[in-house]
Amino acid sequence: MNSSHSYYTRTAQVLHWLMAIIFIAAWAIGFFSGNFLSYEADGSFKGDVITLHKNVATPIIFLLVIRLFWRYTHPAPQLPDSMSPLMKTLAHLGHLGLYFMLIAIPITGCLFSWSVGKPVPVLYLFEIPALVDKNPELLAIVKPVHTYLSWFAGVMVVGHVLAALKHHFIDKDDVLRSMTQQGKSSN
Ligand code: HEM
């Protein structure tokens, strides 16, 4: 298996864009509920919005397992030679940070829900069995962690998008295309 090809596999591309859409939707719904709705003023509507937030976000957990397996078995294309070793290292660290967020945010979200005694539903189809009981001490930790991680991840996603656009429009290399187009052999 070599990584000198210039495109991600079609599977990697679909996983990337699907998770990007889910992540941004979950972020926006969580942000809306957390900052514009209150139980006092909005009653059960806030509950419905949080339920939507969870149902939209939880597929990320399952998709991430597939994605990490795929990433491990299908190395990413090399970054362009025009990038300095420092920029390549920063890019790799940024990607590692985004993977960390894809793990840490759903985990803290699930712990957040279970620690207030609420379920963790997936696509309105089934619930992930609770791994912890109602727990105010745990809530005091995971609630702010979920919120701060989400904010920080939002900043990272904006940086990620800006970097991709810079590659495409300023550096005029194939980095963005590697996530949208296909070479000869891929799956
Ligand atoms: C990648 C996935 C996720 C993202 C990007 C995300 C993002 C967010 C954001 C931005 C907020 C609002 C924070 C604020 O108050 O400013 C939030 C709140 C919340 N999230 Fe998530 N979240 C994700 C996954 C989950 C999961 C899987 C659960 C639970 C199953 C969950 C449960 C909650 C709850 C209960 C709130 C509080 C909402 C409120 O107080 O109105 N989140 N999330």
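1. α1 is the main contributor to the shell around the ligand, giving 7 residues. At least two residues each come from α1, α3, α5 and α6. Helices here are DSSP runs of H or I with at least four residues, strands are runs of E with at least two, and both are numbered from the N terminus.

2. A word on the basis: this is a predicted model, in which local features need pLDDT of at least 70 and side-chain atom pairs count only at pLDDT 80 or more, while totals for chains, interfaces and linings use all residues. Residues are numbered from 1 along each chain as its sequence is written, and side-chain values use heavy atoms, with hydrogens and water left out.

3. Which residues come nearest to the ligand? Ser 33, Asn 35, Lys 46, His 53 and His 146 do, out of 25 around it (a residue is near if one of its heavy atoms lies within 4 Å). By class, the shell divides into 12 nonpolar, 11 polar and 2 charged residues. The nonpolar class is Ala, Val, Leu, Ile, Met, Phe, Trp, Tyr, Cys and Pro, the charged one Asp, Glu, Lys and Arg, and the others, including Gly, are polar.

4. Now the polar contacts (pairs of N or O atoms within 3.5 Å). Ser 33 places a polar side-chain atom 2.5 Å from a ligand oxygen atom. For Asn 35, a side-chain N or O atom is 3.0 Å from an oxygen atom of the ligand. With Trp 151, the corresponding distance to an oxygen atom of the ligand is 3.2 Å.

5. Where does the ligand sit? It is in the second largest pocket, by the criterion that more than half of its atoms lie within 2 Å of the grid points. A pocket is an open set of points on a 1 Å grid over the protein atoms alone, where a 1.4 Å probe fits, with protein on both sides within 12 Å along at least five of seven lines.

6. That second largest pocket has a volume of about 950 Å³, the space filled by probe spheres set on its points. Its lining (residues with an atom within 4 Å of a point) has 36 residues, with Gly 30, Ile 50, His 53, Phe 112 and His 146 nearest the centre. Two or more lining residues come from each of α1 (10-36), α3 (44-57), α4 (59-73), α5 (85-115) and α6 (136-170).

7. For the overall fold, the protein has 6 helices and 2 strands, in the order α-α-α-α-α-β-β-α along the sequence.

Notes. A polar contact is a pair of N or O atoms within 3.5 Å; within protein, one must be able to donate a hydrogen and the other to accept it, and residues adjacent in sequence count only if both atoms are side-chain atoms.
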